[in-house]
Amino acid sequence: TLTDYLIYQRKYYTETGKHLDENGWTWIPGSKVGGRVVRAGWHPDVGRLAVDADDSDYSYPDRGCRPSR
């Protein structure tokens, strides 16, 4: 869920001084907005976390999934 992602984001930052997903996004299928799947990623150029939602069939040609464990 998005809540879990935010917890992991904070823990990772506390331990490493870096943000998760400084390059890319994490799909968060446990959080949905209507029929859309939430994704989140850190944007260092603006210094904040971005959260968005896309249709479940939307894909990026240069990215694949990353296992959570």
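This is a predicted model: local features need pLDDT of at least 70, side-chain atom pairs count only at pLDDT 80 or more; totals for chains, interfaces and linings use all residues.
Colleague: Start with helix α1. How do you know that its span agrees with its 15 residues?

Modeller: At 1.5 Å a residue, those 15 residues should span 21 Å. The end C-alpha atoms of α1 are 21 Å apart, so the two values agree.

Colleague: What comes just after α1?

Modeller: Glycine 17, which takes a positive phi of about 75 degrees.

Colleague: What makes glutamate 15 and lysine 11 a salt bridge?

Modeller: The distance. Their closest N and O atoms are 2.5 Å apart. The cut-off is 4 Å between a side-chain nitrogen of Lys or Arg and a carboxyl oxygen of Asp or Glu, so the pair qualifies. Both residues lie in helix α1, 4 residues apart, about one turn of the helix.

Colleague: Which residues does glutamine 9 contact, leaving aside neighbours within four places in sequence?

Modeller: His19, Leu20 and Leu49. With histidine 19 there is a polar contact between side chains, at 3.4 Å. The limit for a polar contact is 3.5 Å, so this pair passes.

Colleague: Move to the loop between α1 and β1. How do you know that aspartate 21 is buried there?

Modeller: Aspartate 21 has a relative accessible area of 7%, so it counts as buried. The threshold is under 20%.

Colleague: What makes aspartate 21 and tyrosine 5 a polar contact?

Modeller: Their side chains are joined at 2.6 Å. That sits within the 3.5 Å limit. Beyond its neighbours within four places in sequence, tyrosine 5 touches Leu20, Asp21, Thr26, Ile28, Ala40, Gly41 and Leu49.

Colleague: What is the C-alpha separation of aspartate 21 and tryptophan 42?

Modeller: It is 5.5 Å, although the two are 21 residues apart along the chain.

Colleague: Glutamate 22 is in that loop too. Why is glutamate 22 called partly exposed?

Modeller: Its relative accessible area is 35%, so it is neither buried nor exposed. A polar atom of the glutamate 22 side chain lies 3.0 Å from the backbone nitrogen of histidine 19. Not counting residues up to four places away in sequence, glutamate 22 touches Trp42 and Pro44.

Colleague: Now the strands. What makes β2 and β3 a pair?

Modeller: Bridges. Strand β2 (residues 36-43) and strand β3 (residues 48-55) are joined by 8 of them and run antiparallel. Pairing needs at least two, so these strands pair. In one of these contacts, tryptophan 42 has leucine 49 in β3 as its bridge partner. The hairpin has 4 residues between the strands, and glycine 47 in it takes a positive phi near 65 degrees.

Colleague: What makes arginine 39 part of a network of salt bridges?

Modeller: Arg39 is linked with Asp52 and Asp54. To aspartate 52 the N to O distance is 3.1 Å. To aspartate 54 the closest N and O atoms are 2.5 Å apart. Arginine 39 lies in strand β2 and aspartate 54 in strand β3, so that pair ties together parts 15 residues apart in sequence. The cut-off is 4 Å, so each pair passes.

Colleague: How are these residues classed, buried or partly exposed?

Modeller: Arginine 39, at 7%, counts as buried. Aspartate 54, at 10%, is buried. Aspartate 52, at 34%, is partly exposed.

Colleague: Which residues make up the largest nonpolar core?

Modeller: There are 5: Tyr5, Ile28, Val38, Ala40 and Ala53. The name requires buried residues of the listed nonpolar kinds, joined through side-chain atoms within 4.5 Å. In soluble globular proteins, nonpolar side chains tend to be buried together.

Notes:
Residues are numbered from 1 along each chain as its sequence is written. Side-chain values use heavy atoms; hydrogens and water are left out. Helices (H or I, at least four residues) and strands (E, at least two) are DSSP runs, numbered from the N terminus. Buried means under 20% relative accessible area, exposed over 50%, partly exposed in between (1.4 Å probe, protein chains only). Contact means heavy atoms within 4.5 Å. A polar contact is a pair of N or O atoms within 3.5 Å; within protein, one must be able to donate a hydrogen and the other to accept it, and residues adjacent in sequence count only if both atoms are side-chain atoms. The expected span of a helix is 1.5 Å times one less than its number of residues.
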